[in-house]
Amino acid sequence: MTRPRTVVVTGGASGIGRVIAERFAVRGCPVHIFDIDAGAVARTLAENPSLSGTVGDVARADDVARGMQDAVASMGRVDVLVNDAAIPGPRAPLEEMPEDEWDRAMRVNLHGPFLWMKQAVPGMKSRREGSIVNISTGSVRTLPLNRSVYNASKWGLEGLTKTAARELGPWNVRVNAIRPGMVNNERMRGIVRRIAEQEGRPAADVEADFLQFISMRCKVEPEDIAEMAVFLSSRRAGRVTGQVIAVDGHIEWEQ
Ligand SMILES: NC(=O)c1ccc[n+]([C@@H]2O[C@H](COP(=O)([O-])OP(=O)(O)OC[C@H]3O[C@@H](n4cnc5c(N)ncnc54)[C@H](O)[C@@H]3O)[C@@H](O)[C@H]2O)c1
């Protein structure tokens, strides 16, 4: 019998990350969550007693090292790393973008996955098996205005994904990314509400604007993203690496 894969999910205390953590757990995988929000970590662990967790900031190397130690203490090793934690960052025209907020978004969204990969890769290489799944965004196609740091950080994450796939392929360590589309969750509803308020229009109209550029005219559920993360980390995807897979109902924007 093959042993269950052990999984770390950053940002695993809420949103899509929590759903990813729970999807791995229902398949019998030991899961360790790592999240900056102590209250959300406590709630998630209370509601999922099989999970373990660390409160920490992906942007801080010492926190990430502590998270890795906790994960290994609790699960023995890390076979799968899902880099989900991210922040939207500031919304501003380039010339008004506050430099400290730019730096913070880059550190969370790009440096954080790098720090976690740095921790998890040595064990994966030594076992000659591992899967890393980085959560990008459909915004790299639609390029929403005034969100240069978010878009750039996720393009950076996709570049890191493809480079790492080349570097780690010889060790049977696979690295892929998922581009979620318009996710049916609070964060996306907040974006729609804000645009509706700014433009004095009903939220349903704003949502319809988004949907007309999606072939399937649909939002996606966090579960859709979680199922793809589970698949990419499974042995069924054993020859899939260096790929960026959109789960978005097909966003039609040209690149
Ligand atoms: N919601 C969407 O519509 C959407 C669309 C495309 C891509 N995404 C991506 O999916 C991922 C999850 O998004 P979500 O909507 O679930 O977000 P969310 O804000 O609901 O959850 C993010 C989680 O990450 C944690 N986190 C934030 N900063 C952290 C840090 N520095 N260190 C550790 N943990 C931190 C938060 O506490 C939270 O639990 C992100 O990478 C996001 O960019 C989301």
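Predicted model: local features only at pLDDT ≥ 70, side-chain atom pairs only at ≥ 80, totals over all residues.
Biologist: Which element gives the largest share of the shell around the ligand?

Modeller: A residue is near a molecule if its C-beta atom, placed from the backbone, lies within 6 Å of it. Of the 27 residues around the ligand, Gly11, Gly15, Ala86, Thr137 and Val183 come nearest. Two elements give two or more residues, α7 (186-199) and α1 (15-26); helices are DSSP runs of H or I, at least four residues, and strands are runs of E, at least two, numbered from the N terminus. The largest share, three residues, comes from α1.

Biologist: Where does the ligand lie relative to the domains?

Modeller: Domain bounds come from an automatic or database assignment. Domain 1 (7-183 + 220-247) and domain 2 (185-218) both give residues to the shell, so the ligand lies between them.

Biologist: Is Arg128 buried or exposed?

Modeller: Arg128 sits in the loop between α4 (99-127) and β5 (130-135). Its phi is near 55°, positive in a residue other than glycine. Buried means 20 or more other C-beta atoms within 10 Å of a residue's own, exposed 12 or fewer, partly exposed in between, with C-beta atoms placed from the backbone. Arg128 has 10, so it is exposed.

Key: Residues numbered from 1 in each chain as written.
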